[in-house]
Amino acid sequence: MTVIELPEVKESKEVWNSSLILKGDSRQVVKELPNDFYSCCVTSPPYWGKRDYGYDTQIGAEFEINDYINHLVSIFRDIRKKLKEDGTLWLNLGDSYTSGNRTWRAEDKKNPARGMTYRPPTPSGLKPKDLIGVPWKVAFALQEDGWYLRSDIIWYKPNCQPESVKDRPTQSHEYIFLFSKSEKYYYDSVSIKEPAIEKGKLRNKRTVWQVNTEPFPEAHFATFPEELVKPIILASTKPDQFVLDPFFGAGTVGVVSKRLNRKFHGIELKNEYLEIAKKRINNVRQTTAFPYS
Ligand SMILES: C[S@@+](CC[C@H](N)C(=O)[O-])C[C@H]1O[C@@H](n2cnc3c(N)ncnc32)[C@H](O)[C@@H]1O
């Protein structure tokens with residue numbers, strides 16, 4: 001598994017033909033990627049105000065929600081140029097509640113990155129305890145910026161984190177938005193059919209996907225479960241085509257791409273996570289028969 005940094009990329013254009021982890025800030029690295037190249041982008045950016053990754057340029061730590069939204073719109077605008085005309089973007093986002101103007105959150109023993117040295121203020125127009133609707137705010141901003149918003153998929157997590165709330169249901173879902181660059185795009189519905197109610201029959205995949213979260217204690221953030229990424233890559237790429245993840249983390253998109261004989265480019269800022277991703281991907285055996293189960 002090759003890890004490279006920006007200056008090397010600029011020198012040798014051949015590098016693009018293999019799977020890579022690119023070290024750096026995705027806001028800069030994305031601009032150097034080849035145009036009209038990727039069949040899809042699958043990613044989960046840091047959520048707004050939820051994690052402290054411990055570096056100044058982190059996305060998700062903006063004080064104002066509109067700055068967070070604008071940062072994402074601008075990265076995905078650059079990514080649109082890098083997708084093929086028939087390419088798609090699959091964006092995973094979870095929602096947040098307003099902090100009620102608390103300025104910090106205590107460290108959680110199981111999950112140190114949930115400790116926050118800052119909490120963003122309540123966005124104007126909202127009240128303490130309001131659900132913010134971050135995923136939809138981002139989705140509408142991307143739609144306005146030219147993306148075709150094609151589907152909102154509910155990722156239902158039966159084993160979600162318990163919450164100590166008594167005045168609302170426990171949050172057990174996140175969103176995955178499917179966007180396309182053009183009106184017509186590549187989408188192989190047959191490869192991801194699901195069992196129908198009638199025994200032995202298959203039907204078109206629905207918009208609620210039930211997938212358990214997979215604990216990954218080495219990473220201080222939630223990683224994608226492989227089962228969530230698998231249908232996305234099957235539906236939106238053919239073997240040997242390229243998948244992009246600009247917030248690579250522990251590299252689940254790379255793991256699933258390799259299993260399915262696809263190629264990938266992942267961008268990650270933190271060395272610690274790059275190393276985890278590299279190790280995980282090196283341990284993956286490529287399947288010759290797929291879809292793997
Ligand atoms: C939610 S995690 C992604 C997890 C990933 N989907 C997985 O399965 O492991 C978000 C990642 O984005 C990285 N990140 C945050 N801001 C970044 C930036 N500006 N450039 C590159 N990576 C960034 C964080 O370090 C973190 O690893």
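**Helix packing and a loop contact in the predicted model**

Glu 226, Val 229, Lys 230 and Ile 233 of helix 5 meet Thr 252, Val 253, Val 255, Val 256 and Ser 257 of helix 6 (contact: C-beta atoms, placed from the backbone, within 7 Å). By class, this contact of helix 5 with helix 6 comprises five nonpolar, two polar and two charged residues. Helix 5 (residues 226–236) and helix 6 (residues 252–259) pack at an angle of about 55°, their axes lying 9 Å apart; axes are lines fitted to C-alpha atoms over the stretch in contact, with angles from 0 to 180 degrees between N-to-C directions. Helix 5 is therefore oblique to helix 6 (under 35 degrees counts as roughly parallel, over 145 as roughly antiparallel, 65 to 115 as roughly perpendicular, and the rest as oblique).

The model is predicted: local features need pLDDT of at least 70 and side-chain atom pairs count only at pLDDT 80 or more, while totals for chains, interfaces and linings use all residues. Residues are numbered from 1 along each chain as its sequence is written. Helices (H or I, at least four residues) and strands (E, at least two) are DSSP runs, numbered from the N terminus.

In helix 4 (residues 134–144), Val 134, Pro 135, Val 138 and Leu 142 are buried (20 or more other C-beta atoms within 10 Å of the residue's own; exposed, 12 or fewer; partly exposed in between). The buried residues of helix 4 pack against helix 3 (65–82), strand 4 (83–93) and strand 6 (173–180).

Thr 207, in the loop between strand 8 (202–203) and strand 9 (208–210), counts as exposed because it has 10 C-beta neighbours inside 10 Å.

Conventions:
Contact = placed C-beta atoms within 7 Å. Nonpolar A, V, L, I, M, F, W, Y, C, P; charged D, E, K, R; others polar.
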